[in-house]
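Hi,

Here is the model I promised to pass on. My notes follow below it.

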Amino acid sequence: DTDFDKYLDCMQSYGHNFTRLWVDMNYLSWKPHPWKRTGPGLASDGLPKFDMTNFDQSYFDMIKKRLLKIQGRGMYASVMFFGSYNLMREKFSLTTWYPGNNINIELTNAFNSTNSSSFFTTNSAALEIQRKLVRKLVDTLNDVDNLIWEVMNEPGGTAAAVQWHKEMINYVKSYESSKPKKHLVGMTGGWGIG
């Protein structure tokens with residue numbers, strides 16, 4: 001927390017009023033993750049595989065605590081539901097969503113282990129696991145004012161990526177419509193599309 005406070009001090013010293021949170025949360029090297037590492041079996045980093053339906057509450061508590069600190073300074077933040085697509089595009093096997101790094105058969109059935117663009121799925125079972133993360137973040141953070149949702153960093157400009165992004169934006173708006181607060185939902189520009 002001390003480092004985070006120093007980060008916010010630095011931002012404010014330059015007059016910044018906006019930051020983005022949780023760009024790399026789906027990378028194996030990132031800590032903490034939103035999901036518990038329950039196994040059975042080991043992920044490609046030698047640690048237990050993830051259960052992408054079993055959340056680690058400490059992750060969500062930390063995000064809320066930091067978001068409230070940002071709000072207390074009169075600043076805004078975007079919170080990404082799915083982090084960055086950068087490493088997924090380059091080395092899918094080093095991410096939590098990679099079929100060999102989690103125990104969820106729904107993802108194994110939907111995602112092609114040699115093609116990360118399969119993450120932009122239309123498979124209903126895999127979409128439900130993705131939506132479960134969306135719901136958990138919305139439920140945790142809906143009461144915060146200074147929040148802008150962001151689906152994913154630089155997902156690429158393929159038709160599948162754009163369509164999946166739009167579906168996620170519509171899902172967030174629909175799910176949040178019954179909540180006390182409604183937030184903007186941002187769509188990041190695609191990688192390499194000019």
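A search of the whole structure finds eight salt bridges, a salt bridge being a side-chain nitrogen of Lys or Arg within 4 Å of a carboxyl oxygen of Asp or Glu. One of them joins Lys-69 and Asp-5, with the closest N and O atoms 3.0 Å apart. Because Lys-69 sits in helix H2 and Asp-5 in helix H1, this pair ties together parts that are 64 residues apart in sequence.

Before going on: this is a predicted model, where local features need pLDDT of at least 70 and side-chain atom pairs count only at pLDDT 80 or more, while totals for chains, interfaces and linings use all residues. Residues are numbered from 1 along each chain as its sequence is written, and side-chain values use heavy atoms, leaving out hydrogens and water.

Helices (H or I, at least four residues) and strands (E, at least two) are DSSP runs, numbered from the N terminus. H1 (residues 2-13) and H2 (residues 57-72) pack at about 30°, their axes 11 Å apart; axes are lines fitted to C-alpha atoms over the stretch in contact, and angles between N-to-C directions run from 0 to 180 degrees. In contact (heavy atoms within 4.5 Å) are Phe-4, Asp-5 and Leu-8 of H1 with Arg-66, Lys-69 and Ile-70 of H2.

There is also an open sheet of four strands, ordered S1-S4-S5-S6 with parallel pairing; strands pair if DSSP finds at least two bridges between them. Its edge strands are S1 (18-21) and S6 (185-186). S1 is joined to S4 (residues 76-80) by four bridges, and Phe-18 stands opposite Tyr-76 in S4.

Best wishes
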